[in-house]
Amino acid sequence: MDLTLLIVEDSAMSRLVAIEGLKTAAALMSLNLTVREAESADMAWALWKNEKIDGVISDLYLDGPVTGVDLVRELLKEAPHLPCAFVTGMTDADNLTKLWQICPVIPKPLQAWFPQQISLLLREM
């Protein structure tokens, strides 16, 4: 199966870790995965409009005026069944509960078990 996943993360190091985890998860699941990268919501939106994107993983807080939450909400308006996940270092239980109502939350820093976590998202695609 060919899939394209969009990683939206303003930290280059976090993007790199996420991409490596995705590649590992895809290999374990025998998927042909293309990963597209965006460091801002604007860049992500442009990729969304111009390419076939099968799922999104977004940091909550991005450089610029649009947050990851805002971005994902807008994407879900256009594609209500789009598989998505947030990554965050946030630990506030009330806010995390609210985020889970939108899509799953993966804690930062991304750990060695990130491929197993992300495989759940990939199974939805």
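This is a predicted model: local features need pLDDT of at least 70, side-chain atom pairs count only at pLDDT 80 or more; totals for chains, interfaces and linings use all residues.
The largest cavity has a volume of about 40 Å³, and strand S1 (2–8), helix H1 and strand S3 (55–59) are the elements that give two or more residues to its lining.

Ile 7, Val 8, Glu 9, Ser 14, Arg 15, Ala 18, Ile 57, Ser 58, Asp 59, Val 87 and Leu 110 line the largest cavity. Sorted by class, this lining has six nonpolar, two polar and three charged residues.

## Arg 15 and its salt bridges

Arg 15, one of the residues that line the largest cavity, also takes part in a salt bridge, in which its side chain meets that of Glu 37 at 3.1 Å, N to O. Glu 37 lies in strand S2 (residues 32–38) and Arg 15 in helix H1, so the pair ties together parts that are 22 residues apart in sequence.

The two partners can also be described by their accessibility: Arg 15 counts as buried because its relative accessibility is 9%, under the 20% limit, whereas Glu 37, at 40%, counts as partly exposed.

## Other salt bridges

A search of the whole structure finds seven salt bridges, among them one between the side chains of Glu 51 and Arg 36, at 2.8 Å, N to O. Here Glu 51 lies in the loop between helix H2 (41–50) and S3, and Arg 36 in strand S2, so the pair ties together parts that are 15 residues apart in sequence. Glu 51 is partly exposed, with a relative accessible area of 30%, and Arg 36, at 28% relative accessibility, counts as partly exposed too.

Another salt bridge joins the side chains of Glu 74 and Lys 77, at 3.0 Å, N to O. Because Glu 74 and Lys 77 are three residues apart in helix H3 (residues 68–78), they are separated by about one helical turn. Glu 74 is partly exposed, with a relative accessible area of 37%, while Lys 77 is exposed, with a value of 62%.

## A nonpolar patch on the surface

Met 13, Leu 16 and Val 17 make a nonpolar surface patch of about 290 Å². Met 13 has its place in helix H1 (residues 12–28), and it counts as exposed because its relative accessibility is 58%, over the 50% limit.

Notes. Residues are numbered from 1 along each chain as its sequence is written. Side-chain values use heavy atoms; hydrogens and water are left out. Patches are made of residues with over 30% relative accessible area and no salt bridge: like charges are joined within 9 Å, nonpolar side chains (Val, Leu, Ile, Met, Phe, Trp, Tyr) within 5 Å. Accessible areas come from the Shrake-Rupley method with a 1.4 Å probe; for residues, only the protein chains shown count as cover. A salt bridge is a side-chain nitrogen of Lys or Arg within 4 Å of a carboxyl oxygen of Asp or Glu. Helices (H or I, at least four residues) and strands (E, at least two) are DSSP runs, numbered from the N terminus. Buried means under 20% relative accessible area, exposed over 50%, partly exposed in between (1.4 Å probe, protein chains only). On a 1 Å grid over the protein atoms alone, a cavity is a set of points where a 1.4 Å probe fits but cannot get out, and a pocket is an open set with protein on both sides within 12 Å along at least five of seven lines; lining residues have an atom within 4 Å of a point. Grid points are joined across faces, edges and corners, and a volume is the space filled by probe spheres set on the points. Ala, Val, Leu, Ile, Met, Phe, Trp, Tyr, Cys and Pro count as nonpolar, Asp, Glu, Lys and Arg as charged, and the others, Gly among them, as polar.
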